[in-house]
Every structure is written in C-alpha cells, then in structure tokens.
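Please work through the exercises below with the sequence and the structure in view. Each task is followed by a solution that goes step by step.

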Amino acid sequence: MLHEFDSVIVGGGGAGLYAALEASRTANTAVISKLYPMRSHTGAAQGGIGAALGNVDTDDPVWHAFDTVKGGDYLVDQTAAKILAEGAVQAVYDLENRGLPFSRTPEGRIAQRRFGGHTRNFGEAAVKRSCYAADRTGHMILQTLYQQCIRNKVEFYDEFHVVDVILEGHRCAGVVAFELATGEFHVFRAKATLFATGGFGRMYRVTSNAHANTGDGPAVLARAGVPLEDMEFYQFHPTGIRGMGILITEGVRGEGGVLKNRHGERFMERYAPTLLDLAPRDMVSRAIMTEISEGRGARGDRRIDDYVYLDATHLGRETVETKIPDIQDFCKTYLALDPAEQPMPVQPTAHYGMGGIPTDVDGRVESSTEVYEGLYAAGECACVSVHGANRLGTNSLVDLIVFGRRAGQHIAEYVRGTDMPVISESAADGARKRIARLRERTGKGEFPGPLYEKMQEVMMSDVGVYRDAESMRRAVDRLRELRTRLGDVAVQDEGQRFNAEILGILELENLLDLSLVTAATGLHRTESRGAHSRRDFPERSDDEWLKHSLAWMTGDQIELGEKGVDVSIWQPKPRTY
Amino acid sequence: MNVKLEILRQNPDIAEAPHRVTYDVEVDQTDRVLDGLIQVTQNVDGSLGFRKSCAHGICGSDAMRINGKERLACRTLFRDVVETDGDVVSLEPLAHLPVQKDLMVDQEPFFEKFRSVKPYLIPKTQPEAGQEFLQSEEERELFDEATKCINCAACYSACPILDKNPDFIGPAAIVQAVRFTRDSRDQGLEARLDELDDPNGLWPCESKFECTRVCPREIKITKLINLTKRQVKKYREERGEEPNDR
C-alpha cells in the first residue's frame with residue numbers, strides 16, 4: 001500500500017512526537033511507530049530535564065553548555081552545546097505551557113534539583129538545574145506530547161515497523177514499513193523523513209533499555225550507506241538494579257544518596273573529591289567497576305556481575321516517598337526491599353548511545369561533507385553531537401526536546417518549498433524479498449534466542465565499561481560469526497498476523513549490525529575518552545583523537561573515517577571533578 | 001523452579017476455538033512472568049502473541065489476566081503468584097477488548113474512549129511569554145495521582161460495569177479527564193462536562209472498586225470517580241440543573 005505525506009516521522013517517543021507536533025503546523029504529517037507511542041521508552045526517563053531556569057539556584061545556560069562539553073570529555077560540538085542549553089530553557093517553558101505537570105517550588109515555579117556533572121560557574125559546585133516531575137519526568141513528557149498530538153490530530157500508524165529507507169542518491173523519498181497486525185508492506189512517500197527511533201541498549205545483557213530499543217533507525221540507514229558517528233561511545237549508567245538493569249535514577253544521588261562498597265566506605269571520595277557521587281556517569285561507572293575488580297564489591301569475588309550499594313536510608317522516609325516514589329516501588333517489587341530502610345544493590349547498566357546518525361543542529365542528516373536532502377534524525381538515534389564521549393544526566397531529555405523541536409520546525413519550513421520526490425515501483429522489493437526469504441525457511445532452522453543472548457554476553461564482557469584491543473578484536477570476530485549464523489535462523493510461525501518472530505529477527509539483525517559497528521569503532525580509537533575506557537590506552541590523546549569517528553557499513557565490513565570537532569569556545573582541558 | 005504457564009490461545013486467522021496450551025518453563029522465583037513468556041517464544045513456540053516493551057511496569061504494554069487477576073506481566077514475579085496459587089500460572093488476555101492474537105487485545109476502542117475526554121491541557125489563561133504558569137505545591141498535588149496512569153487498560157478489563165454496558169467510557173478515561181479537571185491551569189470540569197456528565201460517562205460506575213484493586217500504579221481510581229461525580233452534582237445544583245445521568 002502506498003501513502004503520501006509531506007513529512008513522515010519514524011518513532012513515537014519524545015523526539016518524534018515533538019517533531020511531529022512542530023512539523024504538523026504546516027506539513028501533513030504521519031508518525032510511524034512499532035509501539036503504541038505512549039509505550040515508548042522516553043516514558044521510562046526518571047530524573048529530569050536540565051535547563052538553566054534559575055528557579056532555585058542562580059544559573060546560566062552558558063554554564064550548562066560548558067558542563068555538557070566537559071562532561072562529554074571535549075568531544076562535544078560546542079556551538080551545538082550552546083544551542084542545546086539555550087533551547088532547553090525555551091523548550092521547558094513550552095512543555096509546561098502545554099501542560100507538563102512539573103513538581104513545584106514553594107513559590108509555584110518549576111522545581112529543580114541537582115544532577116551529575118551540572119555545576120555553577122564552570123565547575124565550582126553542584127547546581128540545581130534539573131527540572132523534574134517527581135521521578136516520572138519522561139512519562140510526563142511523553143504524555144504531554146502525545147496529548148498535544150491528539151489535540152492537533154496528527155496521524156498515527158501504530159505498530160508499523162520500518163524496514164527500509166528510500167534513498168535516491170542523497171535525496172530521501174520515504175520509508176518502507178511492515179505492518180505487524182497484517183504482515184503487509186507499506187510505502188510511505190514523503191518530502192521529509194525523520195528518524196527518531198531511540199536507543200539500542202538491547203545490545204547488552206544488563207540494560208535499562210526497553211525490549212523495543214533495538215536501534216532500528218541507525219541500522220536501516222547504515223545499511224543504506226549513511227555513516228554512523230561516534231558509535232564507540234556507549235554509556236553505562238552507574239546505578240541499575242543488580243542483574244535486571246532497571247534504572248535507579250541519578251536523582252537518588254541528587255537528593256543525597258551515596259554509593260558504598262562492601263566495607264561501607266563512600267568510595268567516590270577517592271575518585272571525584274569535589275562532585276563525589278554526582279560526578280559524570282562514565283567516571284562513577286568506572287569507579288564501581290574498579291571497586292569490584294579490586295575485591296571491594298558486595299560479594300568481593302571480583303567478577304563483572306558483582307555489585308555495590310546505593311544508600312538512601314539517611315534521607316528519611318518522607319524524602320524517599322515524595323521525591324523518588326517510583327524507585328521505592330521498583331525496589332519493593334523487584335528486590336523486596338524498602339530503600340528508606342535498606343541500601344539498594346546496584347551495578348552499571350547499559351543505558352545510552354552517544355553516537356548515532358550524524359546530524360546538524362536542525363536535525364538534517366549529514367556525513368562529513370554532504371547533507372542528505374529530506375532526511376532528518378533526532379533524539380537518541382541521532383548524533384548532533386551534544387553528548388560527545390559521555391552524556392550528562394538529564395541531557396537525553398534536553399536533546400530530544402530541543403532537537404526534536406528544532407527538526408520539526410525545520411521540516412515545517414522545508415516542505416513548503418519542495419516537491420514530492422519520485423519513487424520507483426520497486427521501492428519495497430528489497431524489504432519484501434528479505435522477509436520472503438525468512439518465511440521460506442519456516443520451521444527449518446534454529447531459534448534466534450540463543451544468538452540474541454550470545455550477542456548480549458559478548459558486548460557485555462568485551463565492549464563494556466572497560467575494553468581493550470584483545471577484547472574488542474574478539475568481539476568483532478564473534479559478532480561477524482553471529483551475523484552469519486543469523487542467516488540460518490527460522491521462524492516457526494507461518495502466520496501473517498502479529499508475527500513476532502519476524503519482528504524479533506529484524507530487530508536482532510539491527511542490533512548485531514550496531515554491535516559490530518560499536519566494537520569496530522572502539523577498536524580503532526586508541527585512547528580513553530569519556531565512556532570509551534581502554535585498559536591498553538588509559539589516557540586521552542587530543543593530538544591524535546580530538547575528532548569524531550564516522551563508520552560506513554558494507555555487509556560485515558566497516559570502513560572508518562573522521563570528522564572535526566567544534567572547539568570554538570572552550571579549549572580542551574584535563575577533566576577533573 | 002519449574003512452572004507451568006497455562007495460556008489461553010487464539011488466532012482469528014485460524015478457525016479454531018480459544019484453547020489452553022501449557023508450557024513448562026524453568027524460572028527463578030524472582031523472574032518476572034514476562035521472562036517466562038519470553039523464554040517460551042525464544043526457545044519453544046515462537047508463534048505465541050503478547051506485547052512487551054519496558055519490562056518494568058512503566059510502558060503499560062503487557063497487562064493481562066494472571067490467575068484471573070489483571071496485572072502487568074513485567075511487574076509480577078513468579079514468587080508473587082506461585083506462593084499463593086501454586087505452580088500452574090494461568091494467563092488470559094484482558095477482557096472487554098477484542099482479542100487480536102493470544103494475549104494481545106485490540107486497544108483501539110480503549111484509546112478511542114481515552115481521546116474522547118479531551119486528555120490535553122485546555123488552558124484558562126496564557127502565561128507571560130517565556131514564563132511558566134504559576135502553580136502552588138498544593139495545587140500540583142491535587143492531580144498528582146492521576147498523572148501516574150500508564151493506560152495499560154487493566155482497570156478497563158476488571159470493571160464489572162463494562163460486562164453489562166460496553167459503552168461506559170471506563171475507569172481509565174475518567175482518570176485521564178480528572179488529570180486535567182483538577183489541574184489549576186486548565187479550564188477544568190466545564191471543558192469536559194459533556195463527556196463526563198453523560199449516561200455513559202461517570203454515572204454507570206457503581207463503586208465496585210475492581211479498578212482500584214487491580215491498578216498497577218495504585219491509583220485510587222474509584223475515589224477519583226466519586227470525587228468527580230460530586231463535583232458534577234454540585235456544578236449542576238448551583239445552576240439549578242439535573243445531572244445527565246440517564
């Protein structure tokens with residue numbers, strides 16, 4: 001079936017919905033989402049949106065921009081960081097005005113709290129910058145944007161999985177999608193196409209990410225020849241629930257929670273004497289893994305699945321119940337413990353991809369020299385880059401509201417001055433053939449489950465918080481092998497209706513491709529910067545590596561290139577907290 | 001431990017009556033029921049239909065009837081059900097919505113009712129440009145509970161009124177309306193009076209508390225419905241009007 005829209009938005013999370021809302025002012029807009037949009041993973045974000053409103057502490061967007069740059073270990077494009085910090089203030093007011101129920105200060109203004117790496121006056125001390133709605137900020141953003149899309153009558157194609165992008169050279173003409181309910185193929189022809197498909201944390205065994213976070217956008221584009229930027233930088237959030245990976249917000253530490261090792265020692269004193277537990281995430285995750293590898297984890301067995309404690313018992317019951325109620329609820333449900341009484345067992349959990357589809361500050365997809373016309377990306381799947389080598393807490397929500405909004409505004413302008421692109425009748429053939437091949441093998445091959453588990457284990461142990469040449473080389477080999485074996489898996493379900501196996505195999509293919517790019521780019525970068533921590537190259541090397549990586553994918557071969565970093569405002573300095 | 005998942009299966013594309021299929025799974029006490037379902041599809045029978053996403057009770061994808069009670073499969077640990085009900089765990093799709101496949105129901109009728117209550121801010125005034133609306137902590141607290149709703153439809157399935165009156169808008173839609181009628185920034189009740197003060201709006205509710213009992217977000221839904229009924233009655237009384245309850 002063929003559909004035509006001025007703009008098509010792929011993904012119904014925060015970035016996609018904000019873009020849809022803005023684009024739909026002038027453009028006839030459709031949102032294609034493999035989930036019902038209100039199930040998107042933006043809804044799981046807990047802590048808040050960093051914006052220098054200055055409602056509680058004196059603040060300035062320039063300080064926010066600086067913190068973002070320093071937090072990203074100077075791999076952040078600095079003009080983009082300024083746009084992020086300034087745009088955050090406007091976007092927060094815009095969301096509040098549209099109904100987002102922020103928590104309030106006694107004066108009735110938007111409440112703000114501390115978050116990791118956010119400081120006043122270029123690193124002097126922690127600042128209350130994170131605008132929050134209890135510990136459900138992401139849920140509230142998603143609800144607010146979805147409500148507004150309903151109000152503006154944006155058209156939704158729910159439970160449609162995008163399998164291909166239609167590119168004619170560097171001009172995007174739309175996408176091909178697979179309707180889960182019927183197994184039918186749909187071609188969406190559009191003047192502008194925006195990918196906002198979110199993260200890909202399911203590459204890892206322990207992750208805070210939803211099952212749906214399989215990197216569909218970046219993988220589809222990579223296979224179509226678009227390079228991916230800075231994929232070696234993958235963030236581990238320091239505090240996931242042991243074993244399960246469910247996120248315990250940094251807001252717990254923002255409210256005064258403290259990390260402790262098996263001896264009850266507040267070990268962050270040794271790693272980040274000024275910001276302590278609120279140091280950036282890469283540093284805290286490394287500190288935890290170092291404690292564990294030196295035998296001071298809770299069990300003390302030095303294994304990578306050991307854990308430490310996050311102690312909030314001294315905060316008092318009232319703070320726990322009012323400021324972090326959902327965290328209390330998770331702990332009771334999954335751990336049968338009450339954080340007001342007992343410390344929480346935590347370990348680093350795969351959380352956020354700093355890298356992704358390279359874009360400019362209006363969401364337009366660009367490689368090092370060329371801009372793809374009519375093709376946009378925003379949110380976690382994109383790389384502007386405002387997160388550099390390590391994202392600061394709250395800046396994921398900031399990214400998606402600022403750049404989702406900007407991309408939508410750009411699309412609204414763009415579609416007015418452009419014609420509907422031409423597409424060939426065979427646009428869906430590639431996707432159709434791929435799925436037909438899968439169906440041909442119904443019942444004649446292995447289950448994909450074991451391959452999925454193997455990939456997650458390889459990524460966890462060999463491309464995790466710490467990595468080195470040996471581990472990443474091993475990972476590249478194993479991932480290539482798994483990619484080959486993926487050709488042998490088969491579906492059992494012959495039906496068309498909600499064939500979850502086909503969806504699962506397409507998702508696994510996406511994850512395997514992105515895992516391979518992550519391992520290969522990590523192997524290439526022979527330094528440690530932000531979340532990319534190499535045992536064999538422990539220092540940052542600005543002379544050699546102050547540059548973004550670009551990775552082009554052809555089959556299982558990765559070709560690497562580079563792109564300059566915008567350091568026009570602040571000169572790189574050693575990163576201490 | 002070994003647990004048997006007894007799943008009510010059906011696929012409208014294949015002409016067969018709904019039937020129960022039992023799967024043996026090897027799980028830990030602390031595994032989620034969702035983990036058991038994933039084990040079945042990844043290793044035993046890939047054709048089993050159910051929805052999932054966040055796996056920790058935030059996205060609302062995996063509400064179903066577990067041993068007869070509406071729960072989220074990702075928030076229900078095996079120890080929670082096995083200790084009380086034994087090691088055969090019965091799984092059925094939500095009620096009051098058409099089954100699409102196995103444990104998946106068509107949520108569109110549910111969302112249609114959600115959309116009908118104007119679930120978006122209809123502001124009373126405009127704030128100063130580049131400023132937030134002012135709202136006191138107490139005003140914010142008034143609608144806090146309703147903001148927790150994840151539209152999982154557990155309450156919609158559990159509501160006994162929908163057994164006899166399928167046109168009742170149901171508990172979740174009322175919660176979504178209340179989210180705004182109690183928000184000091186919104187035009188409130190007046191903007192949604194037609195939908196709430198309607199024979200299929202608030203009034204069919206008979207305070208059976210089933211919605212409150214099953215809500216995975218622990219929202220006191222029945223209480224919110226009753227508060228709103230009183231608010232509507234007061235509104236009508238002040239104008240010398242009768243509620244539109246029949």
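A residue is called buried if its relative accessible area is under 20%, exposed if it is over 50%, and partly exposed in between, with a 1.4 Å probe and protein chains only. The model is predicted, so that local features need pLDDT of at least 70 and side-chain atom pairs count only at pLDDT 80 or more, while totals for chains, interfaces and linings use all residues. Residues are numbered from 1 along each chain as its sequence is written, chains are lettered from A and ligands numbered from 1 in the order in which they are written, and side-chain values use heavy atoms, with hydrogens and water left out.

**Exercise 1.** Find the partner of B:Arg51 in a salt bridge, and decide whether B:Arg51 is buried or exposed.

*Solution.* A salt bridge requires a side-chain nitrogen of Lys or Arg within 4 Å of a carboxyl oxygen of Asp or Glu. The partner is A:Glu159, and the closest N and O atoms of the two residues are 2.6 Å apart. Helices (H or I, at least four residues) and strands (E, at least two) are DSSP runs, numbered from the N terminus. B:Arg51 lies in the loop between α1 (33-43) and β3 (63-66) of chain B, and A:Glu159 in the loop between β6 (155-158) and β7 (160-168) of chain A, so the pair joins two chains. B:Arg51 is buried, with a relative accessible area of 10%, and A:Glu159 is buried, also with a value of 10%.

**Exercise 2.** Locate the two residues of the salt bridge between A:Arg540 and A:Asp73, and state how exposed A:Arg540 is.

*Solution.* The side chains of A:Arg540 and A:Asp73 meet at 2.6 Å, N to O. A:Arg540 is in the loop between β20 (533-534) and α16 (542-545) of chain A, whereas A:Asp73 is in the loop between α2 (61-71) and α3 (78-97) of chain A, 467 residues apart. A:Arg540 counts as partly exposed at 22% relative accessibility, while A:Asp73 is buried at 7%. Both residues belong to a network of salt bridges that includes A:Glu232 and A:Arg286.

**Exercise 3.** Determine which strands of chain B hold B:Asp24 and B:Lys4.

*Solution.* B:Asp24 is in strand β2 (residues 19-26) and B:Lys4 in strand β1 (residues 2-9), 20 residues apart along chain B. The two form a salt bridge, with the closest N and O atoms 2.8 Å apart. B:Asp24 is partly exposed at 45% relative accessibility, and B:Lys4 is partly exposed at 33%.
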